[in-house]
Amino acid sequence: MIRVSNLSAYYDTATGRSMALEDMNLCVPKGGTCAIIGPSGCGKSTLLRILAGIASNYEGEVSIADASVDPEVLSIGFIPQNYGLLPWKTVRDNIRLSWKVKHPESLVPEGEETILARLGIGEELLERFPRELSGGQQQRASLARAFLLQPDVLLMDEPFSALDAITREEMQEVFFELWRAQAVTTVIVTHYVEEALYLGQTVIVLSSAPGHVLSVTENSFFARREDSGEYAAQKARLRGWLTGKGAEA
Amino acid sequence: MKKRILASCLGAAFLFLAWLALSEIVRLPIIPSPVRVVENIGEIFFGTIAVHGAYSLGRIIAGLLLAVGVGLPVGVLMGWSRRADRLLAPLVYLTYPVPKIALLPIVMLLFGLGDGSKTIMLFLILVFQVVIAVRDSIRAIPEEVFYPLASLGAPFRLILLEVLLPASLPKFMTAIRVAMATAISVLFFTETFGTQYGMGYFIMDAWLRVNYLEMYSGIVVLSVMGLFMFGVMDFAERYFCRWQGKM
């Protein structure tokens with residue numbers, strides 16, 4: 001379970017302190033998914049960095065599985081916007097990197113074959129460098145790297161936004177398949193309402209900077225590709241929050 | 001790769017022919033025929049030139065190892081830590097533009113006339129290039145590259161091995177290549193005194209003995225040594241930096 005209470009994050013700039021997040025509360029149950037949408041610069045990525053234990057410029061409480069965030073103790077899968085593959089490593093070495101950090105004693109990760117098969121990563125792809133991959137293939141590699149670790153939490157920053165529509169849907173399915181198999185607690189940051197409705201059991205809308213929670217929605221369209229009137233209405237409601245018209249939209 | 005070798009062979013053939021033509025035209029002892037020079041190399045290479053070549057190569061390798069051994073850690077430190085950079089950058093920038101050959105008298109006073117001062121001179125030429133290349137490459141790594149490792153709590157040792165060193169390798173190799181040309185010419189100069197071994201000594205000694213054939217043999221061997229070193233560096237760069245794509 002991820003619990004965030006009264007979180008405020010700030011940046012020190014030349015002119016003083018600038019707030020990125022303000023009085024933020026969040027709770028993602030164990031094995032659940034939470035999608036966070038908000039305008040650019042609202043502190044979504046900052047929130048992910050805090051949850052990943054990378055940033056420490058915050059006040060308030062953040063806990064994962066009832067303990068403070070410690071990357072050395074926890075297994076945190078973090079998929080940044082550009083997939084975070086190291087350009088000088090082959091796909092195979094990239095995928096094994098997170099395993100290498102957490103299990104320095106064993107060379108070949110457990111369950112590697114299953115995950116690679118599930119993601120459709122073949123032998124030929126494993127020998128390539130990231131530069132030689134398409135966006136979808138890079139995404140597959142970064143998903144493999146994250147899921148191989150069987151992480152306690154999975155954090156994804158705009159994971160599918162750079163992909164074309166067809167690849168995006170395909171990758172979302174792939175993600176679901178892996179997520180169902182491992183039931184990993186997941187936070188996804190996105191600026192697509194459709195993506196939030198599809199991937200988040202809970203959808204949270206953040207305001208523009210400094211980000212604070214505008215609405216929390218228990219999403220009934222989770223993992224459903226819908227085109228009903230009800231779906232359109234839900235989408236419009238969330239858009240309303242995003243564009244500042246609030247719940248009246 | 002095959003194309004490049006072919007192109008090098010063509011270049012060598014052209015040079016050889018031009019030299020041959022020139023020697024036929026002027027017919028002076030200061031420009032002997034390349035055929036005779038090659039014959040001479042065949043006669044004296046293993047007995048004489050190889051020893052001098054080995055001395056020069058040994059000094060270059062020693063200087064290179066010393067420069068990498070010092071330059072790499074300093075470059076990593078300056079690239080990784082802002083504070084270390086603030087402290088060391090003025091020192092580097094103050095000493096970097098000084099022509100290293102101007103320091104030769106001081107180096108000789110401190111380290112003597114022998115191999116020590118020759119190695120130190122090579123070290124001085126190479127080390128600044130290494131420091132600056134490594135520091136700049138590490139600074140240029142986008143912050144996001146570190147996130148996946150940082151979120152796993154990776155120790156610095158792993159970040160160094162998996163990110164910092166591979167990221168700085170291409171610029172590091174280029175820096176060595178650029179500095180190596182200067183390093184060889186300075187080595188030549190320093191080998192003209194305080195030693196009886198090395199290509200510099202061999203060539204200048206042949207010149208003083210008015211043995212132009214040997215002098216030219218030395219120059220040809222020195223060129224081939226340079227060609228060989230650049231070839232090795234090219235090959236290493238192609239292999240280790242192949243992730244960058246075609247070069």
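Axes here are lines fitted to C-alpha atoms, for helices over the stretch in contact, and angles run from 0 to 180 degrees between N-to-C directions. Helices (H or I, at least four residues) and strands (E, at least two) are DSSP runs, numbered from the N terminus.

This is a predicted model, in which local features need pLDDT of at least 70, side-chain atom pairs count only at pLDDT 80 or more, and totals for chains, interfaces and linings use all residues. Residues are numbered from 1 along each chain as its sequence is written, while chains are lettered from A and ligands numbered from 1 in the order in which they are written.

## Confidence

The model has an ipTM of 0.81 and a pTM of 0.84. pLDDT is the predictor's confidence in each residue, from 0 to 100. For chain B the average pLDDT is 91, and 99% of the residues reach at least 70. Within chain B, α6(B) has the lowest confidence, with a mean of 87. Helix α8 (residues 199-208) of chain B has the highest, at 95.

## Chain A: two domains

Chain A splits into domain 1 (2-74 + 153-248) and domain 2 (87-151). These bounds come from an automatic or database domain assignment. The C-alpha centres of the two domains of chain A are 25 Å apart.

Where do domain 1 of chain A and domain 2 of chain A touch? The contact joins 13 residues of domain 1 to 10 residues of domain 2. Two residues are in contact if their C-beta atoms, placed from the backbone, lie within 7 Å. On the domain 1 side, β7 (153-157) and α6 (165-182) of chain A are the elements that give two or more residues. The largest share, 7 residues, comes from α6(A). By class, this side of domain 1 has 10 nonpolar, 2 polar and 1 charged residues. Ala, Val, Leu, Ile, Met, Phe, Trp, Tyr, Cys and Pro count as nonpolar, Asp, Glu, Lys and Arg as charged, and the others, Gly among them, as polar.

## Helix packing

Two packed helices are described by the angle between their axes and the distance between the axes.

| Helix pair | Angle | Axis distance |
|---|---|---|
| α2 (residues 91-102) and α5 (residues 135-148) of chain A | roughly 25° | within 7 Å |
| α3 (residues 112-119) of chain A and α5(A) | about 150° | 10 Å |
| α5 (residues 115-139) of chain B and α7(B) | about 155° | 8 Å |

Angles under 35 degrees count as roughly parallel, over 145 as roughly antiparallel, 65 to 115 as roughly perpendicular and the rest as oblique.

Take α2(A) and α5(A). Their axes cross at roughly 25°, so α2(A) is roughly parallel to α5(A). The crossing of α2(A) past α5(A) is right-handed. A crossing is left-handed if the near helix is turned anticlockwise from the far one by less than a right angle, and right-handed if clockwise. From α2(A), the contact uses Val91(A), Asn94(A), Ile95(A), Leu97(A), Ser98(A) and Trp99(A). From α5(A) come Ala141(A), Ala144(A), Arg145(A) and Leu148(A). The classes are 7 nonpolar, 2 polar and 1 charged.

Next, α3(A) against α5(A). The angle is about 150°, and the pair is therefore roughly antiparallel. Their crossing is right-handed. Glu112(A), Ile115(A), Leu116(A) and Leu119(A) of α3(A) meet Arg140(A), Leu143(A), Ala144(A), Phe147(A) and Leu148(A) of α5(A). This contact has 7 nonpolar, no polar and 2 charged residues.

## Chain B

Chain B has 9 helices and 0 strands. Its C-alpha trace spans about 70 × 50 × 30 Å along the principal axes.

At about 155°, α5(B) and α7(B) are therefore roughly antiparallel. The crossing of α5(B) past α7(B) is right-handed. Their contact has 18 nonpolar, 7 polar and 3 charged residues.

## Between the chains

How many residues does each chain bring to the contact? Chain B gives 16 residues and chain A gives 19 residues. On the chain B side, α6 (147-150) and α7 (156-190) each supply at least two residues. That side has 11 nonpolar, 3 polar and 2 charged residues.
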